[in-house]
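The following exercises concern a single protein chain. Please study each task before reading its solution.

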Amino acid sequence: MRLLWLCNVAPSEVRQAAGGKPGSGWWLDHAFSDLRKTGLTMRVLYPEEPGRGELDDHCGYATFRRPDRHKYDPAMEGFFRQELQDFQPDVIHIWGTEYAHTLAMLRACEKAGLLERTAVSIQGLCTAVARHYTEGVPYAVQRRFSLRDFLRQDNILQQQKKYALRGSMEAEALGIARHVIGRTAWDRACTSNLASQAQYHFCNETLREPFYSGRWAYDACEKHRIFASSCVYPIKGFHYLLEAFAQAVRRYPDATLAVPGVSFLDGGLKSRLRRDSYHNYLAELAGQYHLEDKITFLGKLTPEGMKEQYLRANVFALPSTVDNSPNSLGEAMLLGLPCVAADVGGVSTMLNHGREGLIYPSSDPEMLAYDICRIFEMKDQAEAMGAAASRHAAQTHNPEKNLEDLLNIYRLLSGKED
């Protein structure tokens, strides 16, 4: 079988072959490596400086100029038509609906009569992101401009508008697609509306390899330490988490909060000039609640570094305002770390409330604080909850099962079912 992948970021093996750069540790690496072992002939397309090459006799790659995420470039269609003609794939798998190149590839496949052999995997959905982007952020903050925002013309409201523009391309792409691949009740509901003509195929995701070993233990964790995976965008809900954290600190004065990334509390002139309005708002909240000395910023973390932080924490908090199947939640669950997650998107498909973790209303920081403190109070009993979550995640993210499910989809699309 000849398989063509279209990705937004190349698997690590491809990136290393293309430029000798270190692997990204991206979650897609595991699925790519597993597929390579099956003997398929593969070709990977992704945006980068234009080039092409081979990993070996069974896998090649080609790159195309990274387009503006918010504008459609018709030239991509010509590139993809040529790739389809040259490679002659049995199956085309597009990872993600939220990119302009997804629409371009689907248009190219439509002209080539290959839509029935083409599947699009649901990752995030920009149409939903645009609706929830500013949730919980005061309107006065949404309309602000930091110097960075002014120079880039990219404040919070403008960011939301860009997601809406991407969402319009996404809706058009899903209106063309004949096959979509998803994994949660939420993405199935969304695609039943946006791609009512398409056949839905279920296939869970395989996560990054380091998270399949190791187990969280209460005795080994840092008590009352909260770990969150991101504070980059408003949809990550870190503003809600800061409000909840302030409440938790009143009950547990030794509580701490750790998050990957660069500090939004750095008072240096250069840092302040580079900061966007959202991070300025987070800094204001941290100051208002006197949390500056209780937040640790971890910088960029490798997969092993993320794993270390999960195992060190007392609880993992996922305060997102929108999500599908957050990989960070799956990683925490695999390791058995007790989780508190917002009831958004596909979270309730991944995590059973009460038995495997705690799920709370996404716009309710009081409930988030309450649930975090409930985990703190469980002490070593939290291990039982984490163990239940780990068993569930081991099924959801089972590499062998997910590989077989994906291959079965490919066989169906290619017409080469056994």
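Two residues are in contact when they have heavy atoms within 4.5 Å of each other. The model is predicted: local features need pLDDT of at least 70, side-chain atom pairs count only at pLDDT 80 or more, and totals for chains, interfaces and linings use all residues. Residues are numbered from 1 along each chain as its sequence is written, and side-chain values use heavy atoms, with hydrogens and water left out.

**Exercise 1.** Determine which residues Phe238 touches, leaving out those up to four places away in sequence.

*Solution.* Step one: the partners of Phe238 include Ala228, Ser230, Cys231, Leu257 and Val259. Step two: Phe264, Tyr278, Leu282 and Pro319 are also among them.

**Exercise 2.** Which residues touch the most other members of the largest nonpolar core?

*Solution.* Step one: a nonpolar core is a set of buried Ala, Val, Leu, Ile, Met, Phe, Trp, Tyr and Cys residues joined through side-chain atoms within 4.5 Å. Buried means under 20% relative accessible area, with a 1.4 Å probe and protein chains only. Step two: in this core of 112 residues, the answer is Phe80, Met105, Phe238, Leu242, Tyr310 and Phe316.

**Exercise 3.** Is Asp371 buried or exposed?

*Solution.* Step one: Asp371 has 0% relative accessibility, so this residue counts as buried. Step two: beyond residues up to four places away in sequence, Asp371 touches Val340, Leu358, Ile359 and Tyr360. Step three: for the chain, buried residues make up 57% of the 418 residues.

Conventions:
Buried means under 20% relative accessible area, exposed over 50%, partly exposed in between (1.4 Å probe, protein chains only).
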